[in-house]
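Thanks, everyone. I'll take you through one structure today, piece by piece. Please keep the view open while I talk.

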Amino acid sequence: MNTGASWPTSAEADVRVLRMQAKLHRWATDDPDRRFADLFNLVADPAFLLVAWRRVRGNRGARSAGIDGQTAYAIEAERGEAAFLAELRADMRSRTFRPIPVRERMIPKAGGKRRRLGIPTVRDRVVQAALKLVLEPIFEADFSPCSYGFRPGRRAQDAIAEIHLFTSRSYEWVVDADISACFDEIDHRALMDRVRRRIGDRRVLGLVAAFLRTGILGEDGVERDTVTGTPQGGILSPLLANIALSVLDEHFVAAWAAMGAHSGARQQRRRRGLATYRLVRYADDFVVLVAGTRVHAEALRTEVAAVLAPMGLRLSQAKTRIAHIDEGFDFLGFRIVRQPKRGTDQRFVYTYPAKTALATVKAKVRALTRGATDLSLSILLHRLNPVLRGWTAYFRHGVSTRTFSYLRAFVWRRVVAWLRHKHLRANWRQLRRRSLPGWWPTEGEVTLFNPSAVTVSRYRYRGTNIPSPWAERPSGSTARLTA
């Protein structure tokens, strides 16, 4: 690539970056031992920086400022895209670019706890995005099929579908694992050792290391060093976390291969009283599915802890538990449990929206419909509809019909109560004529989204045939893993 080229248009940049990413992915796939030695020029290339800027500018984080107080919108309005990127590229090429500490923001969690979110400056976000554009195609060639989180073309429903497949085929015990403060405790040296397996460019390695130890400016105004972890909120952090946690994937992929090349060999192993097991991971949330006994599952919990220890990670003793599929467990918002089919003696594995997930969307609806009666109904509906549409789209690949009907009734009651507070002197006839035609909240062309109208269907399990965006789709039908 001509790194001295002039700044391309947005369309030219997209084509150039995608073409280079496809080459990087192909080279990494063809040679698993290859170390890439000249990548910095790509990170600082005009096309990669422009695509990185557009992604930073287009996401919701563009409205958030780092410790310099600048948002992406402000930079675009005051300095302009071209001047900002030209200055950033000059600093990178002259090796004067240095990341600065991220701004800490504590986000409430369930149970009264809070998690740390680090907000980098826009400059740092653009460089992180450019690094990700270069590094992701390389490491995607090494990542295992059992990993689904923060990877292109993969989603939570793929993980749920794989769990449904295996728990329906003798994998009845589940190690439901939780890593304590995963993003905060990853060992930097161990992570960088894994990055060096593929990356030989010292300037790129220096940038990655600099982002890891950049520091945090706390909400109390005190700056703290980051000796471990990768701050949540950084664009590069999910990729680095996947690189660190791939040590777990590799361990279980090797164990799966050692159990036999086909399902018959694994069945023979189980007849000898040995367990077979499989990992399903979504970022730092994962389960180990076990065809065996509770004793086997307990041993695997100890084994997982030993695999994670070199990366500086540990399992939460309070949250990691052993469950049988008949008692069920929650994963990625779904409740996964085996129970009798109504009217029969047959038992099947079902995936429902978990109670905690339903409680979360109800809390959002309550927050939007609490007070604020000075707003028009159309504005309220514009705020409610994306929440309902997104939640039902996520859970439509489960046994969700009854839950959607319940949510429909709940939202209707909340909106009607809001209307009655807004129009205190109106009777039911007036409310129906004004805002409830057909008893459904409507104003002008805006209608409340109806959760119960969403069609529910089983998600198609894609097995190992989930194509990367940089590789040709495998020919033939979708592969299915056998238990």
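**From a buried serine to the sheets**

Let's start at S237, which is found in helix α11, residues 237–258. One note before going on: this is a predicted model.

Is S237 buried or exposed? S237 has 3% relative accessibility, and the cut-off for buried is under 20%, so S237 counts as buried. What does S237 touch, leaving aside its neighbours within four places in sequence? The contacts are Q128, F183, T230 and P231.

Now the core. The largest nonpolar core has 140 residues. Four of them have the most contacts inside it: L39, V126, F286 and V288. Take V126. Not counting residues up to four places away in sequence, V126 touches L49, A52, W53, V56, F84, L85 and L88.

On to the aromatics. The count comes to 14 aromatic pairs. I'll show two of them.

One is F150 with Y282. Their ring centres are 6.3 Å apart and their planes stand at 40°. Tilted pairs fall between the stacked limit of 30 degrees and the edge-to-face limit of 60, so this pair is tilted. Where do the two residues sit? F150 lies in the loop between α6 (122–140) and α7 (156–167), while Y282 is in strand β6, residues 276–282. The pair therefore ties together parts that are 132 residues apart in sequence. F150 has a relative accessible area of 44%, so it is partly exposed. Y282 is partly exposed too, at 21% relative accessibility.

The other is W412 with W439. This pair is tilted, with 6.4 Å from centre to centre and 50° between the planes. W412 belongs to helix α16, residues 401–422. W439 is in the loop between α17 (428–435) and β12 (442–443). So this pair ties together parts that are 27 residues apart in sequence. W412 is partly exposed, with a relative accessible area of 23%. W439 is partly exposed, at 36%.

Rings also gather in a cluster. Ring pairs link F334, W391, Y394, F395 and F404.

Next, charges over rings. Which residue lies over the face of W256? R278 does, at 4.8 Å from the ring centre. Likewise, K362 lies over the face of F410, at 5.1 Å from the ring centre.

Now the strands. Strands of a sheet pair through backbone hydrogen bonds, either parallel or antiparallel.

Look at the open sheet of 3 strands. Its order is β9-β10-β11, and the pairing is antiparallel. Which strands stand at the edges? They are β9 (329–331) and β11 (347–353). Each has a single partner strand, so one side of each is left without a neighbour in the sheet. From one strand to the next, the twist averages 30°.

Last stop, strand β1, residues 102–108. How many bridges join β1 to strand β2, residues 114–119? There are 6, and the two strands run antiparallel. I107 stands opposite R115 in β2. Strand β1 also pairs with strand β4, residues 216–217, in the parallel sense over 2 bridges. There, the bridge partner of R103 is L217 in β4.

Terms used
Residues numbered from 1 in each chain as written. Predicted model: local features only at pLDDT ≥ 70, side-chain atom pairs only at ≥ 80, totals over all residues. Heavy atoms only, no water. Helix = DSSP H or I, 4+ residues; strand = E, 2+ residues; numbered from the N terminus. Buried < 20%, exposed > 50% of the residue type's maximum accessible area, 1.4 Å probe, protein only. Contact = heavy atoms within 4.5 Å. Core = buried A, V, L, I, M, F, W, Y, C linked by side-chain atoms within 4.5 Å. Phe/Tyr/Trp six-rings, centres within 6.5 Å; stacked < 30°, edge-to-face > 60°. Lys NZ or Arg CZ within 6 Å of the ring centre and 35° of its normal. Pairing = 2+ DSSP bridges. Axes fitted to C-alpha atoms, helices over the stretch in contact; angles between N-to-C directions.
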